[in-house]
Amino acid sequence: MKNALIKFLLNAIVLGLACAFVIKFAAPQILRAYIQIGIGDCSKIPILCLAPQEPLVLLAIDKNYAQELIPLEFPKTRISAPKGFKVVQELVKKPYYKKKRPRNAESVIYILHQPAGFFINLFPQVKQVGIKDNYEFMYSLMSARQAEINNLKDAFFVILKSIFTPDLGDQRTAKMIRFKSEERNYFINYNLSGPVNFFDCSIITKSGDFFKVYIKDTGKVLDLNKAFTIASGIN
């Protein structure tokens, strides 16, 4: 009886040490493997290997181009857009970039607005890891990289990044930048290398409001400064 008890205790101690080892040292590898099996790795979704960088040259509003834009007003927001672009206001709950594409090859701009605290209310569990507002949420999402998954928070934001990132064409040639201009924080993902230009602009204002401006430029008439000029005018 005594030997059986000792054997049981030894087995329990070994099992406990093994679990502690897995939690401390192997958990990140397990989480990364889980994400890879569930949504794919960076070869399938290259954006999961990218994080936003500071632009080499700070973007500037093209004032001459801004005068060519046409003011448009929607129930939730206003924006000025160029001729030849269809402009659609959508809700974040709709996967507009995957299932609501225009049937033809026209150029299109999708816009949306959500108030301060929207993402915290949508995913209240992030408060437990110190995410307090829309900016911190978007920073964590945009910066998430599969190779840097070390805990459940990292895994959560990598999964969301794969879901929230709209069509950017060939992601292998996509770029990610972040910067601040006129008290607004910008995260811009873009791709200018394919037959279509893509711009995915996430904007957080000083008051914490979130705006999204997604541009599919089939005519390749926009450069990064022009896209920024369009996005910066949303309010």
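The model is a predicted one, and the protein chain has an average pLDDT of 84, with 82% of its residues scoring at least 70. Two stretches call for caution. In residues 16–23 the pLDDT is below 50, and this stretch makes three contacts in the model beyond near neighbours in sequence. Residues 92–102 also have a pLDDT below 50, but here the model shows 24 contacts beyond near neighbours in sequence. Where pLDDT is low, the predicted coordinates should not be read in detail.

Strand β6 covers residues 184–191 and runs antiparallel to β7, to which seven bridges join it. One of the pairings sets asparagine 185 against isoleucine 204 of β7. On its other pairing, β7 meets strand β8, residues 210–217, again in the antiparallel sense, over eight bridges. Here aspartate 200 is placed opposite tyrosine 214 of β8. The hairpin between β7 and β8 has five residues between the strands, and within this hairpin glycine 208 has a positive phi near 95°.

How many of the eight residues of strand β7 are buried? Eight of the eight are, so β7, residues 197–204, is largely enclosed by the rest of the structure. In a regular strand the side chains alternate between the two faces of the sheet. In β7, Asn197, Phe199, Cys201 and Ile203 point one way, while Phe198, Asp200, Ser202 and Ile204 point the other way, and all of them are buried. Cysteine 201 has a relative accessible area of 1%, so it counts as buried.

The next strand, β8, contains valine 213. Valine 213 has a relative accessible area of 0% and is therefore buried. Leaving aside residues up to four places away in sequence, valine 213 touches Ile79, Ile109, Tyr110, Ile111, Phe199, Asp200, Cys201, Ile203, Ala231 and Ile234. One of these, alanine 231, is 18 residues from valine 213 along the chain, and the C-alpha atoms of the two are separated by 5.9 Å.

Alanine 231 is also among the buried residues of helix α7, which are Leu224, Ala227, Phe228, Thr229, Ile230, Ala231 and Ser232. Because seven of its nine residues are buried, helix α7, residues 224–232, is largely enclosed by the rest of the structure. At the start of α7, the backbone nitrogen of asparagine 225 has a side-chain oxygen of aspartate 223 within 3.3 Å.

The whole structure holds 14 aromatic pairs. In one of them, tyrosine 110 and tyrosine 214 have ring centres 6.3 Å apart and planes at 20°, so the pair is stacked. Since tyrosine 110 belongs to strand β4, residues 107–114, and tyrosine 214 to strand β8, the pair ties together parts that are 104 residues apart in sequence. Both tyrosine 110 and tyrosine 214 are buried.

Another pair is formed by phenylalanine 119 and phenylalanine 210, whose ring centres are 5.0 Å apart and whose planes meet at 80°, so this pair is edge-to-face. Phenylalanine 119 lies in helix α4, residues 118–122, and phenylalanine 210 in strand β8, so the pair ties together parts that are 91 residues apart in sequence.

The last feature is a covalent link. A disulfide is a covalent bond between the sulfur atoms of two cysteines. The model has one disulfide, and it joins cysteine 42 to cysteine 49, with an S to S distance of 2.0 Å. The link of cysteine 42 and cysteine 49 is right-handed, with 110° about the S-S bond. Cysteine 42 has a relative accessibility of 18% and so counts as buried. Cysteine 49, at 32% relative accessibility, counts as partly exposed.

How values were computed. Residues numbered from 1 in each chain as written. Heavy atoms only, no water. pLDDT = per-residue confidence, 0-100. Contact = heavy atoms within 4.5 Å. Disulfide = S-S within 2.5 Å. Buried < 20%, exposed > 50% of the residue type's maximum accessible area, 1.4 Å probe, protein only. Helix = DSSP H or I, 4+ residues; strand = E, 2+ residues; numbered from the N terminus. Pairing = 2+ DSSP bridges. Phe/Tyr/Trp six-rings, centres within 6.5 Å; stacked < 30°, edge-to-face > 60°. Polar contact = N/O pair within 3.5 Å; in protein donor to acceptor, adjacent residues only side chain to side chain.
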